[in-house]
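Hi there,

Here is the structure I promised to pass on. Have a look at it first, and my notes follow below.

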Amino acid sequence: MHVFGHPVDVDGLLGIVHDFGVPMVEDAAESLGSFYQGVHTGTFGLLGTLSFNGNKTITTGGGGAILTNDAQLARAAKHLTTTAKVAHRWEYRHDQIGFNYRLPNLNAALGCAQLEQLPDCWPRSAAFTSATRRRLPRCPEYGWSLNPQLAAATIGFKRCLLDHALAGERDEVLALSNDAGFMTRPIWVLNHRLPAFRDSPRMPLPVAESLEQRVVNVPSSAQLAMEPVQ
Ligand SMILES: *Cc1c(COP(=O)(O)O)cnc(C)c1O
């Protein structure tokens, strides 16, 4: 999963899946417009998925897309996501357990229009990110910085990482910045802290737990004004 538009270590993962002989499926829901070594995220694995939900780079209101170069898999996915109905002149027969996951045509039309906006959206978003990066270090009272490892071509990026020393003060940073009119957000509550998964088996999760304490997302929409509104 290319979280917040930040590509994962694709080469590392490809090495592991190759060693174990398992197919790689990429969750690129947040990384439309992000490239790893010049190649778009979601196109390295056997399958990749995009989301067009309302909070993503482009939206169709809901739904998404599957990316694959495997024609047989593409046909199978289309069949399963459209109720597995066998084509016939009049008969309603389903040959597998199928799902009604189709993107309705009206939503798809919205998506086509949104796709045309993408070329404008990318540079605007990248410019906003670098403007944010320039502005944030001037807020020393927040004690934060944008992640310097950001690949220049990554646009979905909006993650700030608090210094380790500030790990306990994330909620104060969120309160202060929201009070000041910046719509900052934390990372998700980790699954193993949710009631449904509390008793599930797990390994020690020190990295995830540290990030949960320290990630603060800043707004990154291409629609945002470049300078704060006075
Ligand atoms: C939004 C999102 C999803 C879910 O996408 P939907 O279109 O809402 O089903 C899955 N994975 C990631 C990483 C996401 O950001």
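How many Å separate an oxygen atom of the ligand from an N or O atom in the side chain of glutamate 30? The distance is 2.5 Å, which falls within the limit for a polar contact (a pair of N or O atoms within 3.5 Å; within protein, one must be able to donate a hydrogen and the other to accept it, and residues adjacent in sequence count only if both atoms are side-chain atoms).

Before you go further, a word on the model: it is predicted, so local features need pLDDT of at least 70 and side-chain atom pairs count only at pLDDT 80 or more, while totals for chains, interfaces and linings use all residues. Residues are numbered from 1 along each chain as its sequence is written, and side-chain values use heavy atoms, with hydrogens and water left out.

Back to the ligand. Around it are Met1, Asp27, Ala29, Glu30, Ser51, Asn53, Lys56 and Gly63 (a residue is near a molecule if one of its heavy atoms lies within 4 Å of it). Lysine 56 has a side-chain N or O atom 2.6 Å from an oxygen atom of the ligand, and aspartate 27 places a polar side-chain atom 2.7 Å from a ligand nitrogen atom.

Next, the sheet. It is open, with three strands in the order E1-E4-E5 and mixed pairing (strands are DSSP runs of E, at least two residues, and helices are runs of H or I, at least four, numbered from the N terminus; two strands pair if DSSP finds at least two bridges between them). At the edges are E1 (25-27) and E5 (64-67), each pairing on one side only. E1 and E4 (residues 47-51) run parallel and are joined by three bridges, with glutamate 26 opposite glycine 48 in E4.

The largest nonpolar core consists of seven residues: Ala28, Leu32, Leu50, Phe52, Ile58, Leu118 and Cys121. Such a core is a set of buried Ala, Val, Leu, Ile, Met, Phe, Trp, Tyr and Cys residues joined through side-chain atoms within 4.5 Å; buried means under 20% relative accessible area, exposed over 50%, partly exposed in between (1.4 Å probe, protein chains only). Beyond its neighbours within four places in sequence, isoleucine 58 is in contact with residues including Leu32, Phe52 and Leu118 (contact means heavy atoms within 4.5 Å).

Finally, a backbone detail: glutamine 37, in the loop between E2 (35-36) and E3 (39-40), has a positive phi near 45 degrees. Glutamine 37 is exposed, at 61% relative accessible area.

Best wishes
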